[in-house]
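Let's take a friendly look at a protein together.

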Amino acid sequence: HQPEGTGLPGAFPPLAASDYIKGKSKQDIVSSVLRGITGKITVNGVEYNNVMPAMSHLSDADVANIVTFVYASWGNPGGQISKEEVFKVRGTTPRASGAAH
């Protein structure tokens with residue numbers, strides 16, 4: 001998603017000032033990181049149709065740090081995710097990759 005979170009037009013959506021992030025629950029965002037995203041999504045009015053691979057191999061602490069960083073950066077809403085929250089989401093998230101809801 002590039003060092004400044006601006007994404008790559010036509011390939012990777014921006015994380016910076018992302019209406020996608022603002023419009024999803026923390027659990028949905030954690031689930032997206034854990035199981036990946038496949039298919040069409042719209043971010044800041046632009047449609048993307050690509051694959052973000054599942055990152056379920058990362059530790060709960062690593063996923064919590066990644067999501068917390070994204071929330072705290074680039075004009076996003078702020079907030080924090082704990083490794084305990086990731087653990088709970090991981091327990092309810094199917095391992096198969098698929099489109100985020």
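Predicted model: local features only at pLDDT ≥ 70, side-chain atom pairs only at ≥ 80, totals over all residues.

Residues are numbered from 1 along each chain as its sequence is written, and side-chain values use heavy atoms, with hydrogens and water left out.

**The largest pocket**

- A pocket is an open set of points on a 1 Å grid over the protein atoms alone, where a 1.4 Å probe fits, with protein on both sides within 12 Å along at least five of seven lines.
- The largest pocket holds about 580 Å³ of space, a volume being the space filled by probe spheres set on the points.
- Its lining (residues with an atom within 4 Å of a point) has 27 residues, and H1, L15, V33, I37 and M52 lie nearest the centre.
- Among the elements giving two or more residues to this lining are α2 (26–35) and β1 (37–43).

**The salt bridges**

- The structure has two salt bridges, each a side-chain nitrogen of Lys or Arg within 4 Å of a carboxyl oxygen of Asp or Glu.
- K40 and E47 form one of them, at 4.0 Å from N to O, and both residues are exposed (over 50% relative accessible area, 1.4 Å probe, protein chains only).
- D60 and R90 form a salt bridge at 2.7 Å, N to O; this pair links helix α3 to helix α4 (residues 83–92), 30 residues apart.
- D60 counts as buried because its relative accessibility is 17%, where buried means under 20%.
- R90, at 25%, counts as partly exposed, in between those two cut-offs.

Key
Helix = DSSP H or I, 4+ residues; strand = E, 2+ residues; numbered from the N terminus.
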